[in-house]
Amino acid sequence: MSLFLTAIGLMMIFEGIPYFCFPDQVKALAEKIPSIENGVLRGLGFVIIILGLVVVYFGRLMYSND
C-alpha cells in the first residue's frame, strides 16, 4: 500500500506542476483540446502509457533487490 500511495502522490505532484508554473498556457491548451481529433488524443495517451510502463520497468530493473 505504501508503494501505491507513493505512486499516487508522485502522479499528483507531476500533474500539478504545469498548473502551478504555467497557468496561462494550460488554459490556452484546454481551449484547444476540443478541436483535436479523438484519434490523435488516443495516440498521445497510448504513447504516454507505454513510456510510463518503460520507465517503471527500467526503474524496477535497475533498483531491484536481487
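Gly 52 lies in helix 3, where helices are DSSP runs of H or I with at least four residues, strands are E runs of at least two, and both are numbered from the N terminus. At 32% relative accessibility, Gly 52 counts as partly exposed; that class sits between buried (under 20% relative accessible area) and exposed (over 50%), using a 1.4 Å probe and protein chains only.

A word on the ground rules: the model is predicted, so to speak by its record, with local features needing pLDDT of at least 70, side-chain atom pairs counting only at pLDDT 80 or more, and totals for chains, interfaces and linings using all residues. Residues are numbered from 1 along each chain as its sequence is written, and side-chain values use heavy atoms, with hydrogens and water left out.

**Overall build**

The protein has three helices and zero strands, and the order from the N terminus is α-α-α. Its radius of gyration is 16 Å, whereas a compact globule of 66 residues would have one near 11 Å; the radius is taken over C-alpha atoms, and the globule rule is 2.2 Å times the number of residues to the power 0.38. Along the principal axes, the C-alpha atoms fill a box of roughly 50 × 30 × 20 Å.

How much of the protein counts as buried? The share is 2% of the 66 residues. The exposed surface comes to about 6,400 Å², with carbon and sulfur atoms supplying 72% of it; these areas come from the Shrake-Rupley method with a 1.4 Å probe, and for residues only the protein chains shown count as cover.

On charge, there are 4 positive and 5 negative side chains, and the centres of the two sets lie 2 Å apart. Lys and Arg count as positive, Asp and Glu as negative, while His and the chain ends are not counted. Each charge is placed at NZ of Lys, CZ of Arg, CG of Asp or CD of Glu.

Helix 1 covers residues 2-21 and spans 28 Å from its first C-alpha to its last, close to the 28 Å expected at 1.5 Å a residue; the expected span is 1.5 Å times one less than the number of residues. Zero of its 20 residues are buried, so helix 1 lies largely in the open. Helix 3 has 25 residues and reaches 36 Å, close to its expected 36 Å. Helix 3 is hardly covered either, with a buried count of zero.

**Residues and distances**

Thr 6 lies in helix 1 and is partly exposed at 42%. Asn 38 belongs to helix 3 and is exposed at 52%. Here are some C-alpha separations:

| Pair | Apart in sequence | Apart in space |
|---|---|---|
| Asn 38 and Met 1 | 37 residues | 35 Å |
| Gly 52 and Tyr 19 | 33 residues | 21 Å |

**Confidence**

The protein averages a pLDDT of 91, and 98% of the residues score at least 70; pLDDT is the predictor's confidence in each residue, from 0 to 100. Confidence is highest in helix 2 (residues 23-32), at 96, and lowest in helix 3 (residues 38-62), at a mean of 91.
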